[in-house]
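I opened the notebook to record what I looked up in this structure, entry by entry.

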Number of protein chains: 2
Amino acid sequence: MDLQRTGYATAMQIGDLGEFNLIERLLQHVGEAGPGVTLGAGDDTAAIKPSTGMLLLATCDSQVEGHHFEQSQISPEQLGRRLAAVNLSDIAAMGGQPRWALVSLCLPPSTEIHFIEAVYRGLTAELNRFATRIVGGNITASELLMLDLTLLGEVPPSELLRRGGARPGDTILVSGHLGSSAAGRAALNAGLDSGAARVAIEAHLTPQPRVAVGRIVAASGFGTAMIDVSDGFAQDLGHICDASGTGAIVQATALPIAAGAQEVAIALGLDVLQLALSGGEDYELIVTAPADLTGELAGSVEREAGVVLTRVGTIVSRTEGRWLEQQDGRRVPLVARGWQHFGRAP
Amino acid sequence: MDLQRTGYATAMQIGDLGEFNLIERLLQHVGEAGPGVTLGAGDDTAAIKPSTGMLLLATCDSQVEGHHFEQSQISPEQLGRRLAAVNLSDIAAMGGQPRWALVSLCLPPSTEIHFIEAVYRGLTAELNRFATRIVGGNITASELLMLDLTLLGEVPPSELLRRGGARPGDTILVSGHLGSSAAGRAALNAGLDSGAARVAIEAHLTPQPRVAVGRIVAASGFGTAMIDVSDGFAQDLGHICDASGTGAIVQATALPIAAGAQEVAIALGLDVLQLALSGGEDYELIVTAPADLTGELAGSVEREAGVVLTRVGTIVSRTEGRWLEQQDGRRVPLVARGWQHFGRAP
């Protein structure tokens with residue numbers, strides 16, 4: 001009898017299994033080592049053969065219970081996908097190709113094995129979509145469930161896109177739609193159940209990292225700066241302005257607000273513009289590019305990745321400031337009300 | 001008035017400061033980007049230029065409050081040093097040179113700024129000893145204090161030392177001394193205060209990663225397998241045997257047990273041999289090498305790194321098993337009673 005297929009075994013807690021058996025079990029989800037991997041999970045470190053001439057990109061981001069997610073609101077597969085997506089998005093924002101990942105798990109001993117296996121299924125499924133392999137990691141006991149992913153990627157040095165390259169006159173573009181994730185978070189917390197709410201919740205729980213968009217922008221050579229929308233559009237555009245030493249003017253009516261987010265906002269009595277500007281966790285890309293190249297750039301992205309890049313504003317000089325231009329032409333300060341851990345600075 | 005120097009400011013909690021101000025503050029400890037770093041902390045990812053022809057090593061390890069440490073037993077500087085050391089030790093075990101680090105911090109909002117700055121001081125001081133730079137990371141709020149470090153290193157492909165290369169007839173060597181860390185842990189928990197206890201506690205709280213020893217063994221070409229002692233000598237040697245498909249015979253009297261560990265064990269009524277075999281967290285290196293080369297190898301390590309490599313046993317065939325040979329010549333099974341998270345497998 002295959003004990004692993006019985007109800008008894010799948011309800012088993014990791015405290016019953018022990019660390020090494022758990023690692024064995026999880027490694028079955030990881031698959032073959034893959035290209036560039038000299039030594040995958042199972043030794044003291046992974047050993048990787050970086051591609052000649054490429055820059056190595058390295059980032060890490062975590063998902064902490066009670067802070068980024070509640071187990072009652074997200075399935076373990078979704079949690080795994082989300083952990084992958086938020087990191088893939090950071091590699092995308094540099095124009096990079098994700099390659100290899102390390103997983104650090106802090107797990108309460110009472111965690112059920114089928115739960116963490118499901119997290120791994122979601123995690124590896126999302127990473128596999130981008131040809132990215134888990135090459136190592138660490139598991140430790142903890143009172144709180146915490147998942148941390150380190151993601152390594154590669155990019156040709158000439159294609160690296162930073163936050164700091166925007167210049168006055170550049171057009172500001174954003175991929176896809178804004179506001180869905182924040183609307184989904186609000187819908188989840190309010191227990192709202194509708195077609196639009198379900199779409200928004202899906203966008204919140206399993207965001208789609210814009211890896212293909214990032215690569216196309218980087219390879220085109222047209223982009224001058226790029227960042228992903230994790231803290232919130234206004235705040236993340238602010239990071240580009242800070243790093244580039246510029247200001248920005250954004251047209252409120254140009255923002256590609258998701259229709260479903262609008263519907264959820266109305267149902268919950270929220271301001272959808274605020275969700276789009278400050279909600280965060282959209283994991284879309286903000287791109288700046290010279291005005292005369294944006295048509296060709298947006299065309300390439302739409303043709304090759306099937307994603308719309310929308311012109312939403314213009315980079316201006318630092319002294320001109322940061323403004324949101326409303327439909328009636330009046331300007332209000334583009335205030336960064338985005339997400340900050342530990343509250344907001346005074 | 002420089003508020004940052006007042007008692008008020010240093011007792012401030014990170015919840016008062018906000019995420020971005022905290023990052024700014026911590027980045028002051030990181031220093032210049034350093035060799036190979038195209039883009040350090042402050043963008044979506046770090047960008048690194050790996051050395052041509054080198055393998056990239058990648059590992060991560062965490063320190064979790066209530067599990068790896070208690071704040072009442074370790075200073076924040078020591079905690080930072082320890083976080084660095086346990087990861088440096090993994091790179092050392094592959095024969096690698098540590099290069100770059102990513103730090104993932106999960107912090108309760110009530111964490112005091114001077115506490116986390118002190119952690120960073122210890123962390124960067126220990127990393128700097130090995131010319132290793134922090135290039136990025138992540139900070140998030142959490143109910144529990146958790147620190148995770150991802151460490152990247154490099155090694156020439158021909159010098160990579162795995163667990164799986166030991167062959168029957170090879171001599172088993174171990175660097176430095178065993179048992180101090182476990183004795184220190186026991187002394188801490190028992191509140192034992194003596195000269196020997198203080199030395200053992202120091203060894204436990206701030207282990208010394210054997211990076212120089214690892215590099216010398218790797219560059220010599222004499223080593224056949226290597227691992228660091230994190231789980232415990234018997235268990236970690238077991239990992240070499242598992243990966244190499246071998247057995248091992250260890251001479252109990254040959255084990256380099258720290259004199260201070262002996263003294264602490266006596267004071268606390270513990271078996272020092274068990275501390276040395278199963279205590280773990282010594283962060284020494286176990287090396288296997290052909291018997292006729294061990295003299296030259298040990299000589300090089302002692303001369304160049306000032307560390308003694310002690311012959312403690314012999315790799316044998318798998319069918320011969322794994323044994324601890326006692327002083328009277330009798331053999332008892334070399335049982336892996338090392339540390340496992342989530343208890344022990346049945």
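**Entry 1: the contact between the chains**

I began with a salt bridge, where A:Arg163 pairs with B:Asp44 and the closest N and O atoms are 3.4 Å apart; I take a salt bridge to be a side-chain nitrogen of Lys or Arg within 4 Å of a carboxyl oxygen of Asp or Glu. This is a predicted model, in which local features need pLDDT of at least 70 and side-chain atom pairs count only at pLDDT 80 or more, while totals for chains, interfaces and linings use all residues. Residues are numbered from 1 along each chain as its sequence is written, chains are lettered from A and ligands numbered from 1 in the order in which they are written, and side-chain values use heavy atoms, with hydrogens and water left out.

Between chain B and chain A I noted four salt bridges, and I also found A:Asp43, A:Asp44 and B:Arg163 linked in a salt-bridge network. I then looked up the extent of the contact (heavy atoms within 4.5 Å), to which chain B and chain A each bring 71 residues. The two chains bury about 5500 Å² between them, 61% of it on carbon and sulfur atoms, where buried area is the accessible area (1.4 Å probe) lost by two parts on being put together, summed over both.

I also looked at strand pairing across the contact: strand β3 (residues 55-64) of chain A runs antiparallel to strand β2 (residues 46-48) of chain B, joined by three bridges, and A:Leu57 has B:Ala47 as its bridge partner in β2(B). For these names, helices (H or I, at least four residues) and strands (E, at least two) are DSSP runs numbered from the N terminus, and two strands pair if DSSP finds at least two bridges between them.

**Entry 2: salt bridges within a chain**

Over all chains, a search of the whole structure gave me 30 salt bridges. In one of them A:Glu154 meets A:Arg99, with the closest N and O atoms 2.7 Å apart. This pair links distant parts of the chain, 55 residues apart, with A:Glu154 in strand β6 (residues 146-155) and A:Arg99 in strand β4 (residues 97-107) of chain A. Are A:Glu154 and A:Arg99 buried or exposed? Both are buried, by the rule that buried means under 20% relative accessible area, exposed over 50% and partly exposed in between (1.4 Å probe, protein chains only).

In chain B I noted the salt bridge of B:Glu126 with B:Arg81, the closest N and O atoms being 2.5 Å apart. B:Glu126 lies in helix α5 (residues 113-129) and B:Arg81 in helix α4 (residues 76-93), 45 residues apart. B:Glu126 is buried at a relative accessible area of 2%, whereas B:Arg81, at 28%, counts as partly exposed.

I found B:Arg210 in the loop between α7 (195-205) and α8 (211-220), and because its relative accessibility is 18%, B:Arg210 counts as buried. Beyond neighbours within four places in sequence, B:Arg210 is in contact with residues including B:Ser175, B:Tyr283 and B:Val307.

B:Glu302, in helix α12 (residues 294-305), is partly exposed at 46%, and its C-alpha atom is separated by 9.7 Å from that of B:Ser175, 127 residues apart along the chain.

Last, I followed strand β11 (residues 309-317) of chain B, which pairs antiparallel over five bridges with strand β7 (residues 171-175) and, also antiparallel over five bridges, with strand β9 (residues 246-251). In β11(B), B:Thr314 is the bridge partner of B:Thr171 and stands opposite B:Ile249.
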